[in-house]
Structure formats: structure tokens, C-alpha cells
Amino acid sequence: MRVLVTGATGLIGREACRALLGDGHAVLALSRQAAPRGLPAGVEPVQGDPAVPGRWQEVLAGCDACLNLAGEPVAGGRWTEARKRAIRDSRVLATRNVAAVVEGGGPSVLVNGSAIGFYGPRGDEPLDESAPPGSDFLSRTCVEWEAAAAPASRRARVVLLRTGIVLAREGGALPQMARPFKLFAGGPIGGGAFWQSWIHLADEVGLLAWALGEERLAGPLNATAPAPARNRDLARALGRALRRPSFLPAPAPAARARLGEMADVGLTGQRGLPARALGLGDRFRFPGLEDALHELL
């Protein structure tokens, strides 16, 4: 297939491009830069901003599939009103522009980014893809994000990939999570009772590639490992993987004071379950946290 990837220079996008090339696909990467750095050799760059209509849409119309991962990083800084607007608009506007091309006769499959934050803070409730959305900022953003992709489903297969915390060796959340442990100051956040839905980068990329080719799949798909972990269990596993202690809790009030509203993402969580992936026969390379952290760290 000829596949256009938006957000191709991000943590997930780069590895997705590499995997698609390895599977024999022709891969094009949409970027605001004419010569973006970090793309795997063999990827064809396409200049353009997915949040702004442009000539890149003509290129997309000639592709067989689209992997839409565009969006400002959620953890890129304190959530001012301007940051929240950038987080929301970068996702919703880009998806509207992609969906307009797909609806008009472009690719026959669209795998569109979303997030496990769709469900909002839900305590101990197990959450598969049938669970309703929450009502906080990230939930509302995800609802709008997914709604923006809906017009494409009138003529194409659309998969909405609700991604959890992606664990990777370089980039993403894991290096930041590991830093205090390496300094012998690691531990849970507060009481550590809240759930965290995580996924190894290799399994995230595997799900993306699988979703592009799995004709039985459409609609929401939780991109989380089968075994979500409570924060205190994640802290213990991190300590074991790094051979460091994991008993010094980080006070929740300090995190809220430093990060404001964004801290709620890290102090409340979701117990997301990949019911659809497992039901359709997909298999995870790293279903358990211990093996994932051992491989990464």
C-alpha cells in the first residue's frame, strides 16, 4: 500500500514509518518542514501542515491508506488556555482535513489517533471500547477528535486508536518516570492506587500496522497492554528493572502545585483493556509490565 503518515516525526510516527517500510509499503511523511529530521531512510517527505488545507491533500488523495497521528504533545508544559487550545486544535483541525479527503474519494482506510483519556478518570472500573466518554478536558478533546474523523467512515474503514501511556527506551513518558529512580528517589505518586494503562512501543506500532490491514476492524480500538497496573505496582516494577529502591512517594499536592490541571492526568487514570484487539486475535509481544520494562531498561 501507499501510506501517508501525519505526525511522522514523533515517537510513535517514526517507528510506525520504519515498520511499514519493513512490511513493503510505500511510506510518505507529512511534515511542516521540507526536510524533516529523524525519518527512516526510504520515507518520502511531503511538506504541509495537516491543520491547514493545502497541496498535501492532493498527495493524500492518491494514497491507499492514512495513519493520522498529528497532535501537539499533551505533556509539553503547564496547561494554559493557549496550550489547551493548541492540544485540541492540532488534533481536531488536522483530522477534519484528513477526513475531508478520505470522504471525497481518497484512501480506503484511515487509522486515526485518539487516546485512552477518552474515558476520563474512572477509578477501578474496567474499560473496554464500549465504555462511554468522560467529561474532563482530555475526554472532551478525544470526543471531538474522533468526531472529526466520522465523515471518512461514509466511504472508508476508520479505526480510532485510543492509545495509553507508550513506554519506549528513548522519548515519551518512561525516561521521565525512571529519572527519580536512577537518583534513588523513586516511588509511587501519592498513595499510588490509581490505574495506568500502558503499552510497549513495539506493541503500539504492531497494532497500528495490524489495524491498517485487518478488514474486520473499524471503530474504537484500545491500544493498551492487557494488564494495566496501579501506579504503586508500576513504581515497584520500575525499581526492580533499574535495581533501585521504590519506596519514596511523590506527594500529590506538590505535583498539582507545579503542573496545575495537567497533573490530574498523572494522578488519576483509567483501567483500559484491549478487548477488541484480543477478541480479533491480535497478540501482544509484551503483555506484562515486568517483561516490558526489562526489555526497555
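Buried means under 20% relative accessible area, exposed over 50% and partly exposed in between, with a 1.4 Å probe and protein chains only. The model shown here is predicted, so local features need pLDDT of at least 70 and side-chain atom pairs count only at pLDDT 80 or more, while totals for chains, interfaces and linings use all residues. Residues are numbered from 1 along each chain as its sequence is written, and side-chain values use heavy atoms, with hydrogens and water left out.

View A. Q270 is buried, because its relative accessible area is 12%. Look for Q270 in the loop between helix 9 (263-267) and strand 13 (271-272); helices (H or I, at least four residues) and strands (E, at least two) are DSSP runs, numbered from the N terminus. Beyond its neighbours within four places in sequence, Q270 is in contact with residues including Y119, P121 and W195 (contact means heavy atoms within 4.5 Å).

**View B. The rings of W79 and F137.** Rings of Phe, Tyr and Trp (its six-membered ring) pair if their centres lie within 6.5 Å; planes under 30 degrees apart count as stacked, over 60 as edge-to-face and the rest as tilted. The W79 and F137 centres are 5.1 Å apart with planes at 70°, so this pair is edge-to-face. W79 is buried at 9% relative accessible area, and F137 is buried at 8%.

**View C. The rings of F118 and Y119.** Here the centres lie 5.2 Å apart and the planes stand at 85°, so this pair too is edge-to-face. F118 is buried, at 7%, and Y119 is buried, at 0%.
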